[in-house]
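Biologist: Please take me through this model, and for each term you apply, set the value against its definition.

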Amino acid sequence: MRLDGARMDLIKKIWTARKLILVVLIPLSLLPLPLIHPCSESSCAYVLIVTAVYWVSEAVPLGAAALVPAFLYPLFGVLKSSEVASEYFKDTTLLLMGVICLAASIEKWNLHKRIALRMVMIAGAKPGMLVLGFMCCTVFLSMWLSNTSTTAMVMPIAEAVLQQLICTGIADSLEDSLTVDTQDEESDKEENQELSKNHLQLLDRKHNENHEVCILNEELNGLTLKPGFGPEFSKESNGNLPEAPVSIPAPPKKPKKQRDSLYPTKRDHMICKCLSLSITYAATIGGLITITGTSTNLIFAEQFNNRYPEAKVINFGTWFIFSLPIALIMLMLTWIWLHCLFLGCNFRETCSLSKKRKTRRELLSEKRIQEEYQKLGPISYPEVVTGIFFILMTVLWFTREPGFVPGWTSLFEKKGYRTDATVSVLLGFILFLIPARKPWPSAFSSESKGDDDDEEEEDPLAPMITWKDFQRLMPWEIVILVGGGYALAAGCKVSGLSVWIGRQLEPMSGLPPWAVILLTCLLVSAVTEFASNPATLTVFLPILSALSETLHMNPLHTLIPATMCVSFGVMLPVGNPPNAIVFSYGHVQISDMVKAGFGVNLIGVFVVMLAIMTWGEPLFNLSEFPTWALMRNVTGSL
């Protein structure tokens, strides 16, 4: 017994220290690779495998694991320390910083909440339309904010609506039970009145005719008598029947309704599940639309531009044109899938906009949303400024190099100096300068006063955002993670590892392009369920680039589907942070996420395949092997 206990303690200690053991054993077990084969390819492969295992297992934080190439590449002679350091801060980092400045202003002045509540008010409180309204506003916000921030912002609003729905359902059930009790009491009163009336008639006739009393007594012997009437009646002798009181049990009352869970009905629980899951899926869909919508899009854009610098095909406009139809189709199909899974297929009942068909709970839910919107008050000056900057940034991104007409960059003599990051950083910098108060007095607008107003009175030139606001939202871990991916890609390029990997994948040259794309989508979607999205994409991008070059396919044929599908880790709470946020509210179980997420995964893979085989081909010229990829292939082989 003591030996068994000691073994169990040892196993527990090993399990507790499993991450530390993994961190130490993985580099040591793989060390023979660069020692037995001392060449650049094997050294780079060693660094790549160690970093990938750290990322997938999350034995160390993602940002810390991304620093592994910074010291292993110089130690093994793959890259100089200065060369590795330059990979950790790129153009996309500046792009992200400018977007975070705008996001900080949006969240600080509650513009995101105003947009979300307004869109939900337009959709209405019918379950189907309510879910669709929350999905639309979540998709829109997730285009510009991070998926995690969007989910963390929208879920409290949805939770307030769901709690109102639950409370109203409980009130309705209590009213139903009270109505049943009231009806029972009224029926009892009617019976008592009838009995008392017969009793009075009996007593009156007793003084006149004894024979009639006996007959009535026999008839009343089988009736239900109240305690007040029983004793009085037993004191009266009928002359024929014994003077024994007759005790007859009262009829049972109808049982009251009792709730077995936190939800009034099973349908209410289904509505909570559907709305909760719809928000995390909508945040994922919205992040696909823009280059800055999620970190994986930024990783793809920077690695692609670094590997193929002559390819001027990926920018904000082209990515938006390609991914917007994908998001719209996925939004509708995901809404239909969740509706059928949790709310049934009766869309007429759950999506009707007619006021005559609205229930009491739906009206109260609409009232609750309107109250939340009214708490925001009239639109303020900082919200207007933020909205103007939001629109201005989007317009400048679209018109920089639209492709079909000359963009505003053509006004400058030197070409190629201005990027999307230039616009982002410029407008973000201006937000640190513009005062948050109106430069002119306004007599007709009354702004809410509070602690912020007191601070503004002390500093009337307080800017729209401060460095603390920016620092609170800036995801430095993602910045370092993206930099680690750039460093790995640079090492694979310099050492020739990417060319070696491409040669090993030559047996796949017999597969048609659609089969290669489908295998890529399914493989990436499966891996990302258990590993972080940025880490998964960072590992797969160099491999898929080498595969495309070997098969003489346009690299975008595999890179774009992989970038899209890596965001479809929606089946488990650990798949991505929005899933964990929604799961923490307690409305859904893991089985619900697996069922719903599996359908969303299939929808995503289908829509991405459809997009890359249809409108993606003319947009990115995917039907032929491009010259920029051919130049990269020839240069790499040399």
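Modeller: Contact means that heavy atoms lie within 4.5 Å. Leaving aside its neighbours within four places in sequence, isoleucine 379 is in contact with Arg114 and Val384. The model is a predicted one, in which local features need pLDDT of at least 70 and side-chain atom pairs count only at pLDDT 80 or more, while totals for chains, interfaces and linings use all residues. Residues are numbered from 1 along each chain as its sequence is written, and side-chain values use heavy atoms, with hydrogens and water left out.

Biologist: Why does isoleucine 379 count as exposed?

Modeller: Buried means under 20% relative accessible area, exposed over 50%, and partly exposed in between, with a 1.4 Å probe and protein chains only. Isoleucine 379 has 52% relative accessibility and therefore counts as exposed. This residue is found in the loop between helix H18 (360-375) and helix H19 (381-400), where helices (H or I, at least four residues) and strands (E, at least two) are DSSP runs numbered from the N terminus. The protein has 31 helices and zero strands.

Biologist: What separation do the C-alpha atoms of isoleucine 379 and asparagine 110 have, and why does asparagine 110 count as partly exposed?

Modeller: Those C-alpha atoms are separated by 9.9 Å, although the two residues are 269 residues apart along the chain. Asparagine 110 has 34% relative accessibility, so it counts as partly exposed. Its place is in the loop between helix H8 (91-108) and helix H9 (111-123), and its phi is near 60°, a positive value in a residue other than glycine. Histidine 552, in the loop between H26 and helix H27 (556-565), also has a positive phi, near 55°, and is likewise not glycine.

Biologist: Why is isoleucine 321 called partly exposed?

Modeller: Its relative accessibility is 44%, so isoleucine 321 counts as partly exposed. Isoleucine 321 is found in helix H16 (residues 316-343), and its C-alpha atom is separated by 8.6 Å from that of leucine 619, which lies 298 residues away along the chain.

Biologist: What makes glutamine 303 buried, and which residues is it in contact with?

Modeller: The relative accessible area of glutamine 303 is 8%, and it is therefore buried. Leaving aside neighbours within four places in sequence, glutamine 303 is in contact with Gly485, Tyr486, Ala489, Thr538, Leu541 and Pro542. Its place is in helix H15 (residues 295-307).

Biologist: How do the axes of H15 and helix H23 lie, and at what angle do they cross?

Modeller: Axes are lines fitted to C-alpha atoms, for helices over the stretch in contact, and angles run from 0 to 180 degrees between N-to-C directions. The axes of H15 and helix H23 (residues 476-495) come within 10 Å and cross at roughly 30°. That makes H15 roughly parallel to H23, as angles under 35 degrees count as roughly parallel, over 145 as roughly antiparallel, 65 to 115 as roughly perpendicular and the rest as oblique. Among the residues that meet here are Glu302 and Gln303 in H15 and Gly485 and Lys493 in H23. By class this contact has six nonpolar, four polar and two charged residues, where Ala, Val, Leu, Ile, Met, Phe, Trp, Tyr, Cys and Pro count as nonpolar, Asp, Glu, Lys and Arg as charged, and the others, Gly among them, as polar.

Biologist: Why are H25 and H26 called roughly antiparallel?

Modeller: The axes of helix H25 (residues 513-527) and helix H26 (residues 533-551) come within 12 Å and cross at roughly 165°. H25 and H26 are therefore roughly antiparallel to each other. Val516, Thr520, Leu523, Val524 and Val527 in H25 meet Thr536, Phe540, Leu544, Leu547 and Leu551 in H26. The contact of H25 with H26 divides into eight nonpolar, two polar and no charged residues.

Biologist: At what angle do H14 and H29 pack?

Modeller: Helix H14 (residues 266-287) and helix H29 (residues 590-613) pack at about 50°, with their axes 11 Å apart. That makes H14 oblique to H29. Lys273, Leu277 and Tyr281 in H14 meet Asp592, Met593, Ala596, Gly597 and Val600 in H29, a contact with five nonpolar, one polar and two charged residues.

Biologist: How many residues of H10 are buried?

Modeller: In H10, 14 of the 16 residues are buried, and the helix is mostly covered. Across the protein, buried residues make up 48% of the 638 residues.
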